[in-house]
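Reader: I have the model open and want to go through its side-chain pairings. Please keep it brisk.

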Amino acid sequence: MHLPLLEPLGAHAPLPVIARRPAQLVGNTPILWIDEPFAPPGRGFYAKLEGANPGGIKDRPGLHMVAEARRRGDLAPGAPIIESSSGTLGLGLALAGMTYGHPVTVVTDPGMEPSMVRLLTALGVHVDQVAVPHPEGGWQEARRERVAGRLTRTPGAYCPDQYHNPDNVAAYRPLAAELIAQLGRIDVLVAAVGTGGHSAGVAAGLRESFPELRLIGVDAVGSTIFGQPAGPRLMRGLGSSIHPENVDYAAFDEVHWVAPAEAVWACRQLARRHYASGGWSVGAVALVAGWIARSVRAGTRIAAIFPDGPHRYLETVYNDAWCREHRLLGQEPPEEPDEIAESDECVVTSWTRCSQVRDPLGRDVVKAGVR
């Protein structure tokens, strides 16, 4: 009896990446097709799962901003890095500090989840929490003032200033290249907007190949970025109470504002139906991308950026008790968003869209209509 010859175990197994440093694990993130319940089968969208990076999407600008500052001589070897963050950039800077040998201080506020504080501390980051919001600029401005004070007292310290640093935008060109390699043609990009970095950088990169690309911005209710008045915001990671210079207003074809209960519904549907979810930005982007997929002609190729994964949000978005306390459960979003003609014509409190995108500070011209 002759037994068949067996090939060596692993002869046809895919070759996983073997990284010498954790920074080498950043990029080349996977894409997942998302349809029901956001869109009918065949009419969904492609989600770029940036939560597959070691710390999320902001590993990319964390590493790039620090590398460029070192190249220019703005950041000396071993000098401290001090920055304001609600969490995800803190992880990216922790990775950059570890990679290049810099101590990192992240200035945040009480809205940062305790699990994120513990994780950043475990990664060697010093976390400094402000206690009182700024009377006009809210928590973000209070954090920025604390950063400015620390920089004054720490000679040689460097602040990447993610809100206004063009290196933040440039960091996302590789993400655009990955999308083209993975999907080929891309017709619509849906992206959350906070600092403005990834929406501006990815769209600019894609439009070099696809000039007619539509860019759909996703903001949070209570955010001032697109001309709404500042208000309380439960949602972390998108929206802002200041006006970042990295937001490329002229690049957007329309903007949507999403409320917390709507984002929670979307996050939980993603988890239950697709085994891939994330935080507030992910839920808000999925809600809007699903509507786009239902609204445009069949065959339109839609890419949506999912900035992170769910683990940071286990005590908020995925905690029934916390969500009940904030009245976020049992509120399925409408099939269609409300629509306003001008971004400041009323205060939006639920999912709303506007196709008249302008810089509320007058730094840009109006861009009207949807291609």
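## Aromatic pairs and salt bridges

Reader: Start with Y46. What is its relative accessible area?
Author: Y46 has a relative accessible area of 24%, so it is partly exposed. Keep in mind that this is a predicted model.

Reader: And W33, what's the value there?
Author: W33 has 30%, so it counts as partly exposed too.

Reader: How many aromatic pairs does the structure hold?
Author: There are seven. One of them joins W33 and Y46: the ring centres are 4.9 Å apart and the planes stand at 65°, so the pair is edge-to-face. W33 sits in strand 1 (residues 31–34) and Y46 in strand 2 (residues 45–49), and the pair links these distant parts of the chain, 13 residues apart.

Reader: Next, F226 and Y249. Stacked or edge-to-face?
Author: Edge-to-face, with 80° between the planes and 5.6 Å centre to centre. Both F226 and Y249 lie in the loop between strand 7 (214–220) and strand 8 (254–258), so the pair ties together parts that are 23 residues apart in sequence.

Reader: Is F226 buried or exposed?
Author: Buried, because its relative accessibility is 2%. Y249 is also at 2%, so it counts as buried.

Reader: Which rings make up a cluster?
Author: F38, F45, W265 and F306, linked by ring pairs.

Reader: Switching to charges. How many salt bridges are there?
Author: The count comes to 22. Among them, E254 and R214 meet through their side chains at 3.3 Å, N to O. E254 is in strand 8 and R214 in strand 7, so this bridge ties together parts 40 residues apart in sequence.

Reader: Where do those two stand on accessibility, buried or exposed?
Author: E254 is at 1%, so it is buried. R214 is at 11%, so it is buried as well.

Reader: What does D320 bridge to?
Author: R268, with the closest N and O atoms 2.7 Å apart. This pair links distant parts of the chain, D320 in helix 10 and R268 in helix 8 (residues 260–274), 52 residues apart. D320 is partly exposed at 34%, while R268 is buried at 17%.

Reader: What else touches R268?
Author: N319 does, and N319 also touches L314. N319 lies in the loop between strand 9 (302–306) and helix 10 (320–325). At 19% it counts as buried, because the cut-off is under 20%.

Reader: Last one. Which residues form a salt-bridge network?
Author: K48, E50, R60 and E178 are linked that way.

Terms used: Residues are numbered from 1 along each chain as its sequence is written. This is a predicted model: local features need pLDDT of at least 70, side-chain atom pairs count only at pLDDT 80 or more; totals for chains, interfaces and linings use all residues. Side-chain values use heavy atoms; hydrogens and water are left out. Rings of Phe, Tyr and Trp (its six-membered ring) pair if their centres lie within 6.5 Å; planes under 30 degrees apart count as stacked, over 60 as edge-to-face and the rest as tilted. Helices (H or I, at least four residues) and strands (E, at least two) are DSSP runs, numbered from the N terminus. Buried means under 20% relative accessible area, exposed over 50%, partly exposed in between (1.4 Å probe, protein chains only). Contact means heavy atoms within 4.5 Å. A salt bridge is a side-chain nitrogen of Lys or Arg within 4 Å of a carboxyl oxygen of Asp or Glu. Lists of a residue's contacts leave out its neighbours within four places in sequence.
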